[in-house]
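Work through the exercises below with the sequence and the model at hand. Each task is followed by a stepwise solution.

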Amino acid sequence: RLAAIDVARALGLALVYYGHFVEQVMYLENPAAAAQYKWIYSFHMILFFVLSGWVRGTRPDAPPVREFVKSALGSRIVPYVFFSALLGSLSLLFSGWFPLVDLSSADGYVQAALSTALGFPLLNVPLWFVACLVGVECLHRMLRGLLDTTPRILVAALVCYTAGYALNEHYFFFGQGRSFWLLHEVPVVYAFYLVGVVLGRHR
């Protein structure tokens, strides 16, 4: 394990928690909370993609496809499904706060389950990161043979960020109900993942 990565992840998790807390204070028109919210949200999720890429960059060998799929299922998809189901089950006992779906009827649960299956976890929205990371890691598994030098990786990061930004600026996928496993976000965050790959390769 890389102690620095684990510490950075812990700090990032603390910022995620605090960011969501301070967001509620910001809604009370508190300018200090708004400034803290903007600062945290300017980088905290980007940090996780950089760290994920960093870990991948320290492991130059590509795992066989079967091993890659097994790892993705065990460390990404199973937790994604489990924690979505867990929070959905708890919502039957506690009302909670589910701002994106109405759970007052069975139809709401069907809608949430369908959305979760399509890669946007309405029952446990923070899991969007896991859904997006699956797409990023699959893309990297396909492209890593081409990205064998640092200059190529950095050019790919620039192209992905620019193209992904233009795509999402031009078309609002969420508004059209066409978000499938957040694939429209993958190019943008893959750019940051690649920056982490470079950092990991060079230690």
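**Exercise 1.** Determine whether Cys 138 is buried, partly exposed or exposed, and find how many disulfides there are.

Solution.
- Step 1. Take the classes: buried is under 20% relative accessible area, exposed is over 50%, and partly exposed lies in between (1.4 Å probe, protein chains only).
- Step 2. Cys 138 has 32% relative accessibility and so counts as partly exposed.
- Step 3. Cys 132, at a relative accessible area of 0%, is buried.
- Step 4. A disulfide is a pair of cysteine sulfur atoms within 2.5 Å.
- Step 5. The count is 0 disulfides. For Cys 132 the nearest cysteine sulfur is that of Cys 138, 11 Å away.

The model is predicted: local features need pLDDT of at least 70, side-chain atom pairs count only at pLDDT 80 or more, and totals for chains, interfaces and linings use all residues. Residues are numbered from 1 along each chain as its sequence is written, and side-chain values use heavy atoms, with hydrogens and water left out.

**Exercise 2.** Find which residue forms a salt bridge with Glu 137, and where the two partners lie.

Solution.
- Step 1. A salt bridge is a side-chain nitrogen of Lys or Arg within 4 Å of a carboxyl oxygen of Asp or Glu. The structure holds 4 of them.
- Step 2. The partner of Glu 137 is Arg 76, with the closest N and O atoms 2.7 Å apart.
- Step 3. Helices are DSSP runs (H or I, at least four residues), numbered from the N terminus. Glu 137 is in helix H6 (residues 128-143) and Arg 76 in helix H4 (residues 65-90); the pair is 61 residues apart and links distant parts of the chain.
- Step 4. Glu 137 counts as buried, at 12% relative accessibility.

Technical notes
Helix = DSSP H or I, 4+ residues; strand = E, 2+ residues; numbered from the N terminus.
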